[in-house]
Amino acid sequence: MPTDSLSPLPIRRLTLRDLAACADLSENRGWPREEHKWGFLLTAGKGYGIDDPDGGLVSACVVTEYGPQHRPSLGAIGMVLVAERHARRGVGRHLMRHVVSAMGTTPLTLHSTPYGRPLYEELGFKVTGRAEMLRGHFTPGGPAPEVVTRAATAEDLPAILRLDEEVFGADRTPVITRLPAFADRMRVAEESGRLIGYAAAWPNMDTHVVGPLIARDTETAKALIGTLAAHTDRPLRTDIDVRHEELLVWAKERGLATVAFNSVMTYGISELPGDWTRRFAPLTVAAG
């Protein structure tokens, strides 16, 4: 299909009915199908896509909004994909320009691979951080953490939401309230009856992804990862802010290895809101 015939193709909102097409698009670009994650993102966020006249999707992405419902304070862009047969024809640029325009004055963030970074920089995004993706079978060892963790319950949800908003810097209620159904396990860390951290492990193909990981300090983060790892035989995967050097060293000593680095980019703000010292890993890089 000639380049000129792609640019006028309309961009529309995606729904759960597009789940299989989104997974097909992931597979087309060599990504895992990740249907579980796509389903979560399409219900918690807004999907945008371009239909291929020959069937399937030319391109797709998802935006997850945080803050007040009609006045979001932050939008996270993820799962930006263009079908291989239409790559390098400006389709991704066309879709991203539409999304940025649709978000108006709302600040934006995304995690970019080295491949996608030039496009995002062209659109005005700036690199403000880095995340290191780790994967591997977790091997217990070393001194047992002194931090107490336990399985999260429904009664913990209000405290989790308060802690999450304080650390993340925006209200994520629509996302966090979906987490118990999305994740296989959630753990909380407590001290004197007060919540000091929480984390979840959710299934993604053959791995369990640890995220979000919110913790008062590195020892709390270690305790949460360790207790989540103790309940799965799958490899763990997580994306840790590179500023958390001590946690990265510890995770590698426990069997996780570096898979890739992603750039954390922002648009309309110089840095992400919240407290990065307690924000160790995102729920998924696709949702900020």
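The lining of the largest pocket divides by class into 21 nonpolar, 11 polar and 10 charged residues. Here Ala, Val, Leu, Ile, Met, Phe, Trp, Tyr, Cys and Pro count as nonpolar, Asp, Glu, Lys and Arg as charged, and the others, Gly among them, as polar. The model is predicted: local features need pLDDT of at least 70 and side-chain atom pairs pLDDT 80 or more, while totals for chains, interfaces and linings use all residues. Residues are numbered from 1 along each chain as its sequence is written, and side-chain values use heavy atoms, with hydrogens and water left out.

The largest pocket holds about 1,200 Å³ of space. Of its 42 lining residues, Trp-31, Val-80, Leu-81, Thr-113 and Tyr-115 are the closest to its centre. Several elements give two or more residues to this lining, among them strand E4 (74–82), helix H3 (91–102) and strand E12 (257–267). E4 supplies the largest share, six residues.

Some terms need their cut-offs. On a 1 Å grid over the protein atoms alone, a pocket is an open set of points with protein on both sides within 12 Å along at least five of seven lines, whereas in a cavity a 1.4 Å probe fits but cannot get out; lining residues have an atom within 4 Å of a point. Grid points are joined across faces, edges and corners, and the volume is the space filled by probe spheres set on the points. Helices (H or I, at least four residues) and strands (E, at least two) are DSSP runs, numbered from the N terminus.

The second largest pocket holds about 430 Å³. It is lined by 27 residues, and the closest to its centre are Asp-241, Arg-243, Val-264, Leu-272 and Arg-279. Elements giving two or more residues to this lining include strand E10 (207–215), strand E11 (236–241) and strand E13 (279–281). E6 gives the most, with four residues. By class, this lining has 14 nonpolar, six polar and seven charged residues.

## A closer look at Asp-241

Asp-241 lies in strand E11. Is Asp-241 buried or exposed? Asp-241 counts as buried because its relative accessibility is 13%. Buried means under 20% relative accessible area, exposed over 50%, and partly exposed in between (1.4 Å probe, protein chains only). Leaving out residues up to four places away in sequence, Asp-241 touches Arg-130, Ala-131, Leu-248, Trp-276, Arg-279 and Phe-280. Such a contact means heavy atoms within 4.5 Å.

## Salt bridges

Side chains of opposite charge can pair when their charged atoms come close. A salt bridge is a side-chain nitrogen of Lys or Arg within 4 Å of a carboxyl oxygen of Asp or Glu. The count by this rule is 27. Three of these pairs follow.

| Salt bridge | N to O distance |
|---|---|
| Glu-34 and Lys-37 | 3.3 Å |
| Arg-216 and Asp-217 | 3.3 Å |
| Lys-222 and Glu-219 | 3.1 Å |

Both Glu-34 and Lys-37 are buried. Arg-216 is partly exposed, at 31% relative accessible area.

Lys-222 and Glu-219 share helix H8 (residues 218–229). They sit three residues apart, about one turn of the helix. Lys-222 has a relative accessible area of 14%, so this residue is buried. Glu-219 reaches 38%, so this residue is partly exposed.

Salt bridges can also join up. Asp-24, Glu-27, Arg-33 and Glu-35 are linked in a network of them.
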